[in-house]
Number of protein chains: 2
Amino acid sequence: MNIVVAQSGGPTSVINASLLGVFRQALAEREVDIVYGSLNGIEGIIYDRLVSLNDNLVTDEDMALLRQTPSSALRSCRYKLPSADKDPAVYESIRRTLENHDIGAFFYIGGNDSMDTVHKLSAYFAEVGCPIRVMGVPKTIDNDLMEMDHTPGYGSAAKFVATTMTEIIRDCTVYDLDSVLIVEIMGRDTGWLTASAALPRLLGETAPHLVYLPEVEFSVEGFLADVMRVQQTTRTVIVAVSEGVEIDAAGEFQSGKVDNFGHKYLSGVGKCLENIVSTRLGCKVRSVELNILQRCAAHVASATDVAEAEAVGMAAVRAAMAGETGKVAAIQRVSTDPYRVDYTCIPVEQVANRVKYVPREWISAAGNDVTDDALAYIRPLVQGEPTVLTENGLPRHFVIE
Amino acid sequence: MNIVVAQSGGPTSVINASLLGVFRQALAEREVDIVYGSLNGIEGIIYDRLVSLNDNLVTDEDMALLRQTPSSALRSCRYKLPSADKDPAVYESIRRTLENHDIGAFFYIGGNDSMDTVHKLSAYFAEVGCPIRVMGVPKTIDNDLMEMDHTPGYGSAAKFVATTMTEIIRDCTVYDLDSVLIVEIMGRDTGWLTASAALPRLLGETAPHLVYLPEVEFSVEGFLADVMRVQQTTRTVIVAVSEGVEIDAAGEFQSGKVDNFGHKYLSGVGKCLENIVSTRLGCKVRSVELNILQRCAAHVASATDVAEAEAVGMAAVRAAMAGETGKVAAIQRVSTDPYRVDYTCIPVEQVANRVKYVPREWISAAGNDVTDDALAYIRPLVQGEPTVLTENGLPRHFVIE
């Protein structure tokens with residue numbers, strides 16, 4: 001039989017490591033002949049745009065380069081699979097492509113939406129008696145998938161955020177004057193990535209002094225009181241805030257900003273808090289939005305994350321070859337110190353369309369910091385620096401044309 | 001005799017490597033006893049806040065950590081030395097501190113403003129017959145100092161910008177739709193750092209497709225025409241733009257944005273162009289401001305830059321010990337291929353208060369790109385990856401309390 005693998009959703013630094021894991025494990029399975037890659041996620045299967053990975057990934061160097069290339073080498077999509085009742089033709093297109101290419105298993109690397117696709121497609125195949133297996137391989141910097149210890153992609157994003165935070169601490173504490181520095185971090189619904197901004201504490205830093213997650217209600221007055229309290233003991237107050245924090249005085253602070261074209265000004269939380277500090281406290285203030293660098297800075301990937309991402313891809317193939325379908329391969333923590341993990345498979349309906357939040361007990365009572373337990377959880381995920389192959393001083397990437 | 005060293009102006013990734021260079025060369029000079037560090041630049045000398053670096057930098061590990069720590073370990077200032085006519089008392093305070101600590105030479109690591117201080121102070125000492133030598137050690141990510149091939153700090157900032165650009169290219173080219181991605185890069189007056197965003201071309205990338213430097217007049221209509229032209233052959237148009245570019249329709253696009261507090265909205269060039277593309281072309285568009293990460297991302301420093309920054313500090317000490325004063329140590333390129341440099345000393349008046357622009361012939365005729373000659377100039381400056389000492393997966397830093 002042949003298999004096909006696709007990638008979906010937003011980038012991470014290690015989604016290609018999972019692709020490599022699927023490919024390498026498939027090479028080791030006697031039953032598998034060709035490993036196809038579907039371009040632009042499930043759309044490549046719907047429209048029959050498959051490439052042979054066996055033809056593309058030939059040398060050890062090809063594989064090493066793919067492993068260190070961020071984002072999706074097979075490109076991505078944001079396609080939401082309709083239900084089979086509403087649009088059976090799409091399901092038939094998918095089945096036709098898979099059957100035409102003699103494909104026995106489909107592996108979908110993605111986040112929450114992709115797991116929804118795995119769920120619907122595996123249920124459909126079961127219903128119509130199609131034997132093609134459908135497996136999910138998790139990836140998201142948000143770390144918000146249920147039933148697993150953490151997601152591939154999170155560790156590298158956390159390492160970038162924490163590394164950058166240590167450097168920002170050095171950068172903004174050199175002047176002899178009162179100032180506030182606000183760092184806005186990705187995570188629309190959950191604060192996992194923002195929590196990682198506090199990792200510099202493990203190296204003895206006192207900053208960031210304040211950490212705000214979307215799991216806790218945010219109050220502008222509480223925030224200003226927090227800043228003023230920290231200012232009593234330090235000249236530079238460093239704040240980490242999730243992009244998902246909702247400013248309570250939304251009408252006053254967030255909306256209404258309109259540019260000269262009449263567009264509503266889509267300023268983020270960081271810029272909004274910068275304006276509030278500037279107006280209310282009058283001290284020097286700057287905000288930094290880490291932006292898309294958080295999800296693609298593979299040059300500072302976590303070696304642990306890269307290895308686990310590859311291993312999860314391998315685990316999904318082994319499970320499918322053992323007959324599993326409608327499952328998600330997952331990382332489970334066996335112990336934190338020493339750090340050890342195991343790989344399992346979870347029924348996809350336990351993962352799809354659900355969200356894992358940062359537990360309230362890992363957030364300080366005042367809601368303005370994370371606890372030592374949160375840092376102990378994240379710490380092993382950012383360990384290790386992969387050797388990066390470079391050319392002209394820049395990281396080399398693998399591109400499937 | 002003793003010596004004193006201070007750091008001033010904005011951070012770079014290698015300003016502490018220059019500090020280490022001064023310290024290590026001073027240790028090797030028989031005439032030098034104690035190496036003092038002045039806290040917060042020249043202000044530490046005015047107010048007699050000196051620390052002994054011999055007491056702080058004891059082990060090889062101390063020195064290795066200082067070398068990889070971004071920003072200014074001795075902290076910084078933005079103090080502009082008044083002229084000696086206007087405020088002779090400041091000069092007397094400086095002289096008193098230096099004489100009280102038996103200091104024979106002062107080394108000031110900084111950019112343009114710091115070189116102005118070196119200029120004024122050395123001239124004053126010459127006039128009043130004070131034998132204390134005053135030497136400049138250049139640093140700036142802007143690379144805008146005259147009479148030298150390049151400045152320490154530029155190579156590492158360029159490496160961060162180019163590395164990030166390769167990753168952004170991977171990140172934003174995965175979806176099958178028309179989009180524009182705008183990256184805003186530091187450099188208020190000169191385009192040296194923005195030019196480095198084009199380095200991914202050396203690895204075969206076609207992006208960034210458009211590069212705008214402040215050395216060339218910018219036209220909104222020309223920019224829109226450029227974007228539409230590139231859109232005919234690529235779905236994702238990637239633009240690098242200097243923060244110093246002045247939008248010609250300034251009244252229309254830049255000013256007038258006022259938030260709810262009546263503050264003028266300080267949106268950068270990137271956000272401004274994002275709004276223009278969104279309004280005029282209607283396609284998906286995003287802007288990324290690399291912000292202060294450009295000047296402090298020491299985890300991706302250029303090994304060449306680190307080594308040169310240290311060597312420049314050493315060269316300044318050697319020159320002062322040979323009797324020089326009122327000079328700036330500088331890197332001069334001997335050859336590009338193979339890359340070789342030499343270290344010289346330049347009279348400070350040839351450096352202070354002057355600006356080195358990107359030559360017009362290194363910018364394309366249309367003013368929307370840089371030439372191969374520009375890339376050939378930058379390429380050797382970003383070579384090499386230093387080994388970074390880490391703890392818990394994060395870079396370790398050296399902090400003088």
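Contact here means heavy atoms within 4.5 Å. Keep that cut-off in mind, because the first stop is a list of contacts under it. The model on screen is predicted.

**Stop 1: Asp226(A)**

Select Asp226(A). Helix H9 of chain A, residues 220–231, holds this residue. Show what surrounds Asp226(A): setting aside residues up to four places away in sequence, it touches Leu210(A), Tyr212(A) and Asn368(A). Is Asp226(A) buried or exposed? Its relative accessibility is 13%, so Asp226(A) counts as buried.

**Stop 2: the two chains together**

Zoom out and color by chain. On chain A, 76 residues are in contact with 77 residues of chain B. How much area do chain A and chain B bury between them? The figure is about 6000 Å², with 57% of it on carbon and sulfur atoms.

Now look at how the copies are arranged. Rotating by 180°, with 0.0 Å of shift along the axis, superposes chain A on chain B at an RMSD of 0.0 Å. That is the relation of a two-fold axis. Of the interface residues of chain A, 100% are also interface residues in chain B, so the copies meet through the same surface.

**Stop 3: across the interface**

Select Asp171(B) and Arg295(A). They form a salt bridge, and their closest N and O atoms are 2.7 Å apart. Between chain A and chain B the count is two salt bridges. Polar contacts between the chains come to 31 residue pairs, both residues at pLDDT 80 or more.

Next, hide chain B and look at the side of chain A that touches it. Several elements each supply at least two residues there, including helix H7 (154–172), helix H11 (269–280) and strand E9 (284–289). H7(A) gives the largest share, 10 residues. By type, the residues on this side of chain A divide into 29 nonpolar, 28 polar and 19 charged.

**Stop 4: salt bridges within a chain**

Over all chains the count comes to 40 salt bridges. Visit a few of them.

- Select Glu243(A) and Arg188(A). The two form a salt bridge, with the closest N and O atoms 3.1 Å apart. Glu243(A) is in the loop between strand E8 (236–242) and H10, and Arg188(A) is in the loop between strand E6 (179–185) and H8, so the pair ties together parts of chain A that are 55 residues apart in sequence. Arg188(A) is exposed, with a relative accessible area of 57%.
- Move to chain B and select Arg333(B) with Asp149(B). Their side chains meet in a salt bridge at 3.0 Å, N to O. Arg333(B) lies in strand E10 and Asp149(B) in the loop between E5 and H7, so this pair ties together parts of chain B that are 184 residues apart in sequence. Arg333(B) and Asp149(B) are both buried.
- Stay in chain B for Glu205(B) and Arg170(B). Their salt bridge has its closest N and O atoms 2.8 Å apart. The pair links distant parts of the chain, 35 residues apart: Glu205(B) sits in the loop between helix H8 (192–196) and strand E7 (210–212), and Arg170(B) in helix H7. Glu205(B) is buried, and so is Arg170(B).

**Stop 5: Thr151(B)**

Select Thr151(B), in the loop between strand E5 (133–138) and helix H7 (154–172) of chain B. Thr151(B) is buried, with a relative accessible area of 1%. What does its side chain reach at 2.7 Å? The backbone oxygen of Thr140(B). Neighbours within four places in sequence aside, Thr151(B) is in contact with Thr140(B), Asn143(B), Leu145(B) and Asp305(B).

**Stop 6**

Most residues other than glycine have a negative phi, and most peptide bonds are trans.

- Pro208(A) is in the loop between helix H8 (192–196) and strand E7 (210–212) of chain A.
- Asp337(B) to Pro338(B): a cis peptide bond joins them, with omega about 5°. Find Pro338(B) in the loop between strand E10 (327–336) and strand E11 (339–347) of chain B.
- Asn392(A): phi is positive, about 55°, although this residue is not a glycine. Asn392(A) lies in the loop between E12 and E13 of chain A.
- Asn40(B): phi is near 60°, also a positive value in a residue other than glycine. Look in the loop between E2 and helix H2 (42–46) of chain B. At 5% relative accessibility, Asn40(B) counts as buried.

Methods
Residues numbered from 1 in each chain as written. Chains lettered and ligands numbered in written order. Predicted model: local features only at pLDDT ≥ 70, side-chain atom pairs only at ≥ 80, totals over all residues. Heavy atoms only, no water. Buried area = accessible area lost by both parts, 1.4 Å probe. Salt bridge = Lys/Arg side-chain N within 4 Å of Asp/Glu carboxyl O. Polar contact = N/O pair within 3.5 Å; in protein donor to acceptor, adjacent residues only side chain to side chain. Helix = DSSP H or I, 4+ residues; strand = E, 2+ residues; numbered from the N terminus. Nonpolar A, V, L, I, M, F, W, Y, C, P; charged D, E, K, R; others polar. Least-squares fit on C-alpha atoms with pLDDT ≥ 70 in both. Buried < 20%, exposed > 50% of the residue type's maximum accessible area, 1.4 Å probe, protein only.
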